[in-house]
Amino acid sequence: MRPKRDITKLLLVETKMLTRNLPPLPERMRPKTLAEYAGQRHLVGEGCILRNMIESGNVSSFILWGPPGVGKTTLARIIADTLDRDFFTLSAVSAGVKDVRDVIEAAKGRSLFAKPAAPILFIDEIHRFNKAQQDALLGAVESGTFILIGATTENPSFEVITPLLSRCQVFVLKSLDTADLETLLDRALREDELLSSLDIRIDEKDALLRQSGGDARKLLNILEIVIDSKLGSNGTIVIDNKTVTACLQDNVAIYDKDGEMHYDIVSAFIKSIRGSDPNAAIYYLARMLDGGEDPLFVARRLCLSASEDVGLANPNALLLANACFQSVSVLGMPEARIPLAETTVYLASSPKSNASYMALESALAKVRDDIPRAVPLYLRNAPTKLMEELGYADGYKYAHDYPGNFTDLEFMPSGLEGTVFYKPQDNRHENTLKSYLQTCWPKYYSKDK
């Protein structure tokens, strides 16, 4: 007697065969209309600027700047489809000047039967175009040969040439929030031709949402990886935090040490130290280290913060930061994280003063705006007989020959007498310095100031 065939197993086998012939889940779920598009409500919500441009049909060239997986390419395609425009695409990773010129000629040479309005040229990762490639776009953008839509993960202020930037608006796209990600997740389970045919139950979403980091593409890729890992089992596919973590093995790093987020996190790190918040500073330190940041880069930033932000309010800060840099150089990771943490907490918890830094900035401004001033003769060295005869060093008073190792001698060049660049701030250490300066220079550092 022949055994009964297991229908469930057959269906699973057929499903696995099907997945080999399907595009990846993010591509299958790519929105085709604004109604399906998730996120960026500040741009495409009712009454917002991009939606108004699309609805009016009056679209000008623009650049979409935002992190990966937030819908830059999708939005460009939706705009072209909604406006019924011809759509050309280039990837800055592989395209050269010739490719740009070919697209321009193609746009110029469209047949009489082509769509009447200007076509759209979408350039992905436009920040990778060099100056010559970007220059090649200028004439066509200016003449309206095509509407340029550029996509970049990098700050266009630094990566796009000024003439091209001046011809384009810049729209900033944001990472997707939890509600957006949940909407995408539910839609994929409900509408995807494969997932909708499976018995899938999501008991926990935390790991899925956390690992995606606001990236729609990453979210759907993770979902597909987890489901694929369960296709060989019978019954309901259950997704929870433990399952997601087990499938991914290692945390998917969200921090990009070569990209825009690198600068955002470092900026937040330094500003947290400056703002005397050791908890936030440690959090951003953890973000950098977990993302693979070079620990020596962090140590250098700590040295800078010790000088610029803590300064003379606690001179020991720079000593500790330098010791931290040396320790990190010797130890390497993972041990280097310990002196980095110690120094971060110490700097954040120290009193702050930027008085010496501001003194230098003020002096530099004076030097740049002022005429060159001659050094007084009595402050110059006189290594030769001629220089002595000319009065070099004549009248100089050696401070250590006077009581308190101080003499009231004017050290500023003529015309700058009495100029004060260093203004002590109100902290314990600088109050001591201020008292000393008031004793030495009462005419410049009066007790009333």
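Salt bridges and burial in a predicted model

Q: What makes the contact between the side chains of D186 and K205 a salt bridge?
A: The side chains of D186 and K205 meet at 3.9 Å, N to O. A salt bridge is a side-chain nitrogen of Lys or Arg within 4 Å of a carboxyl oxygen of Asp or Glu, so the pair qualifies. D186 belongs to helix α10 and K205 to the loop between β6 and α11 (206–212), 19 residues apart. Helices (H or I, at least four residues) and strands (E, at least two) are DSSP runs, numbered from the N terminus.

The model is predicted: local features need pLDDT of at least 70 and side-chain atom pairs count only at pLDDT 80 or more, while totals for chains, interfaces and linings use all residues. Residues are numbered from 1 along each chain as its sequence is written, and side-chain values use heavy atoms, with hydrogens and water left out.

Q: Why is D186 called partly exposed?
A: Buried means under 20% relative accessible area, exposed over 50%, and partly exposed in between (1.4 Å probe, protein chains only). D186 has 35% relative accessibility and therefore counts as partly exposed. K205, with a relative accessible area of 25%, is partly exposed as well.

Q: What joins E36, R187, R190 and E191 into one network?
A: Salt bridges that share partners join these residues, E36, R187, R190 and E191. A search of the whole structure finds 20 salt bridges.

Q: What makes R41 and D180 a link between separate parts of the chain?
A: The side chains of R41 and D180 meet in a salt bridge of 2.7 Å, N to O. R41 lies in helix α3 (residues 41–44) and D180 in helix α10, so the pair ties together parts that are 139 residues apart in sequence. At 7% relative accessibility, D180 counts as buried.

Q: Which residues of helix α13 are buried?
A: In helix α13 (residues 241–248), the buried residues are T243, V244 and L248.
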